[in-house]
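Biologist: I am new to this structure. Could you show me how to read it, one feature at a time?

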Amino acid sequence: MKKWLVLFLMAMMAFVLAACTASQDAGEEPAEGEEGTAAETGGEKILRLNNAQEPTSFDPSIGFDAVSWNALNNLMEGLTRLDENSQPVEATAESIDISEDGKTYTFKIREDANWSNGETVKASDFVFGWRHMLDPETASPAAFLGYFIEGAEAYNTGEGSAEDVKVVAEDDKTLVVTLTAPTEAFLNIITNPNFFPIHEATATENPEWHTEAESFVGNGPFKLASWSHDEEFVFEKNEEYWDAANVKLDGVHWAMVNDTNTEYQMYQADELDVSSVPAELSEDLMESPEISILDQAGTYFYRYNVEEEPFTNKKVRQAFAFAVNQEDIVQYVTKNGEKPAHGFTSYGFEGPDGNDFRDTAGDLVKFDAEKAKQLLEEGMQEEGWETLPEVTLTFSTSDTHQIIAETLQDQFKQTLGVDVKLQSVESAVFAEEQSAFEYQASRSSFLHDYADPVNALESFITGSSMNRTQWSNPEFDQLIADAKTETDSQVRWEKLIEAEKLLMDEMPIFPIHFYNQVQLQKEGVSGVLRHPVGYLDLKNADKQ
Amino acid sequence: MGRYILKRFLMMLMTIFIIATLTFFLMHAVPGSPLETERTTNETIQANLEKFYKLDQPLYIQYFDYMKSLATFDFGPSIKDPNRTVNELLERGFPISFELGIITIIIAVLSGVLLGILAALRHNKLLDYGAMAFAVIGISIPNFVMATLLIQQLAVTWDIFPPATWKSPMHMVLPVLALATGPMAIIARLTRSSMLEVLTQDYIKMARAKGIKPVRIVFRHALRNAMMPVVTIMGTLLAGILTGTFVIEKIFAIPGMGKYFVDSINNRDYPVIMGTTVFYSAFLIFMLFLVDIVYGILDPRIKLHKKEGDV
């Protein structure tokens, strides 16, 4: 007995010693772990990804987030799909006719477009799916994306009926959609999972069809083979898919690991093919050959409350904005390869002239210490202030927001000689109080719902729920309204650029950086598409 | 005994009712809403959602509705996970958390008690110092640090165990070790000190004098008394392991209940907050009740009905 106990104790001691040595060289581990070996998947090409969480819902109208739609985008398919240049191309639709006035779209659905149960995809499945999304009973958080369609807003707000929504199945394979106004981004908007068709017979029979793998019916490159809730789900190649010949993977395995450190360790242990980068390691891993950095359309910025002193004064708002050194923040603080933001609308939107929106609009706000000081002086004179009213920056609790806010605090002190206070607030409280205009200046973010600059800019029209600055400018509202109904794309583009310039001159906000998508991806994995706006696309993905 | 248990049971129900009521009003008093996010959609959609989850009703109506459904063990739908009810989340998460917890407790108690006895028998010898040094290390390293060390060393570098998830016994080794080390160390120290005390008592000397085998003395005569302090802190340790699983489940991506509990608060997912809080507290109260009964079995001098006056 005693001997056994001694052995046991020694084993325990050895283990503690091992744990102690681990801590000494833990910092050097990542470099070692990078030589991942090829996965042994028994000849089958199975891509192993991490979805972080249980998808909110695989009902296309409900899961308004990346954890649902990154997966769903590969289980189902809309009329159009984004290609490798992030441009919409025909998918379930074989051809698309647009009327002269740009308001009526006629889609011909492919003859060989099938559901995973072998039935053919009908135009009426789209009508069913889109009505489901707009139905107020569904309470879809993404229903507003459908408001471009005539009758959609009325139906969703309970004033109209489903029959008045101008989405009509002329025959089994022809879908006609009428819009309220010509909308250039429409073909892009309908790549969104919200606009996927729903197999009518399945959904009518079982409204819970999307909650289990057994009952799920899709029309995408993959089908849902199994789904163990909160643990993992597995895709298999969908042989019924119209373009199955070009789908290279045999399947996709999705884990749900909601901790970036664990995810990264699983990647190192070769249990995942793709991993996000833990914040603490981003600086080291930026140099890794396995890293991929791509644009994501969206902006990290601060809102002013233009009804609260001192930000009632435009020059004071400008002074603070020009005192921010965005380059320093991305280079030395976030260290995650982001692009500094010198305007509100991010990169990635090409105009009719072939130039990027951001490049045409130019650098509208850039660090300029002299200008900032002068603007502050002028602003204070205009208002007759001897000393500047106290300023507090508020952000939702997070390490990243904290260090950025501390940097801003330091930059305002250095450049303007102003001591600002910082306040960190729990995120749900923050969201509520920011909407109630309780903060003087507060951290915000914007991510695009569809790929058009107007999506970003319309946030700041009077009364928009995304505005949250109390800023209201009739000229700006007019520019956005005009751009939305303009048929000449060049004129529309110019109006949007004018709106962007006006926004950055009035400065109800100041930008920090644009978002990006940083990922580690094992060598041998290719063809995984990540768009600036849009969801993960594995249709052409391959793995060696 | 029967009367005592019945009385304690009614008290348990009362406590749970008070916890449910307090949680309900506290959670609604905290600013923020399950439907308010950075990306707020338009007002109609917001109103549709509020109506769908009955959040547009006055608070007292929501409270009575909730209490009514609680009485039938119906915890309602989740707001963030609209396809599932809270009952389903609990049914899915609890068995896994329970498995993790129960294995941890068994490992912690067995190894802790053994280590404690060993240290006591080899008092002031190398083994004693070794065991106690180990215990101090175990107490000082928080379980989440332990977890990271274990993954880095045993999973990534040496590739012995899988780094995360919960699928096979191999997957269970690291999370259980990480979670069990702290409680094990506490139990080891307690067992050692009370064992040392018990071993000097007259009845042990008497047993020795009678020529009873040392192993029998230790496990039959001494341990029974020495275990009393350990049983006393079991309640606290249980609570510790229960809360420890929140962190460990997250680090090891174990699909247990901890995630729902933590996420629900961040999301203000009211039905899930209520469901998990009520469930956890009911579970903990029940376990404390069991500890009380075990206490009586171990030491017949403590009569359960005598404690009525104290409670």
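Modeller: Welcome! This is a predicted model, where local features need pLDDT of at least 70, side-chain atom pairs count only at pLDDT 80 or more, and totals for chains, interfaces and linings use all residues. Residues are numbered from 1 along each chain as its sequence is written, while chains are lettered from A and ligands numbered from 1 in the order in which they are written.

Biologist: How many helices and strands does chain A have?

Modeller: Helices (H or I, at least four residues) and strands (E, at least two) are DSSP runs, numbered from the N terminus. Chain A has 18 helices and 18 strands.

Biologist: What radius of gyration does chain A have?

Modeller: The radius of gyration is taken over C-alpha atoms, and the globule rule is 2.2 Å times the number of residues to the power 0.38. For 544 residues, a compact globule would come near 24 Å, and the 26 Å of chain A agrees with that. Along the principal axes, the C-alpha atoms fill a box of roughly 85 × 75 × 40 Å.

Biologist: What share of chain A counts as buried?

Modeller: A residue is buried if 20 or more other C-beta atoms lie within 10 Å of its own, exposed if 12 or fewer, and partly exposed in between, with C-beta atoms placed from the backbone. In chain A, 47% of the 544 residues count as buried. A:Thr392, in strand E13 (residues 391–396), is partly exposed because it has 13 C-beta neighbours inside 10 Å.

Biologist: Which residues does A:Thr392 touch?

Modeller: Two residues are in contact if their C-beta atoms, placed from the backbone, lie within 7 Å. Leaving out residues up to four places away in sequence, A:Thr392 touches A:Val420, A:Lys421, A:Gln423 and A:Gln440.

Biologist: Which strands form the open sheet, and in what order?

Modeller: Two strands pair if DSSP finds at least two bridges between them. The open sheet of four strands in chain A has the order E1-E10-E9-E8, with mixed pairing. Its edge strands are E1 (46–50) and E8 (222–228), each pairing on one side only. E1(A) and E10 (residues 251–255) of chain A pair in the parallel sense over five bridges, and A:Ile46 has A:Gly251 in E10(A) as its bridge partner.

Biologist: How are the faces of a strand read?

Modeller: In a regular strand the side chains alternate between the two faces of the sheet. E7(A) has a covered face, A:Leu175 and A:Val177, and an uncovered one, A:Thr174, A:Val176 and A:Thr178.

Biologist: What joins E6(A) to E7(A)?

Modeller: A hairpin, through two residues. Strand E6 (residues 167–171) and strand E7 (residues 174–178) of chain A run antiparallel, with four bridges between them; A:Val167 stands opposite A:Val177. Strand E5 (residues 104–109) of chain A also runs antiparallel to E7(A), joined by five bridges.
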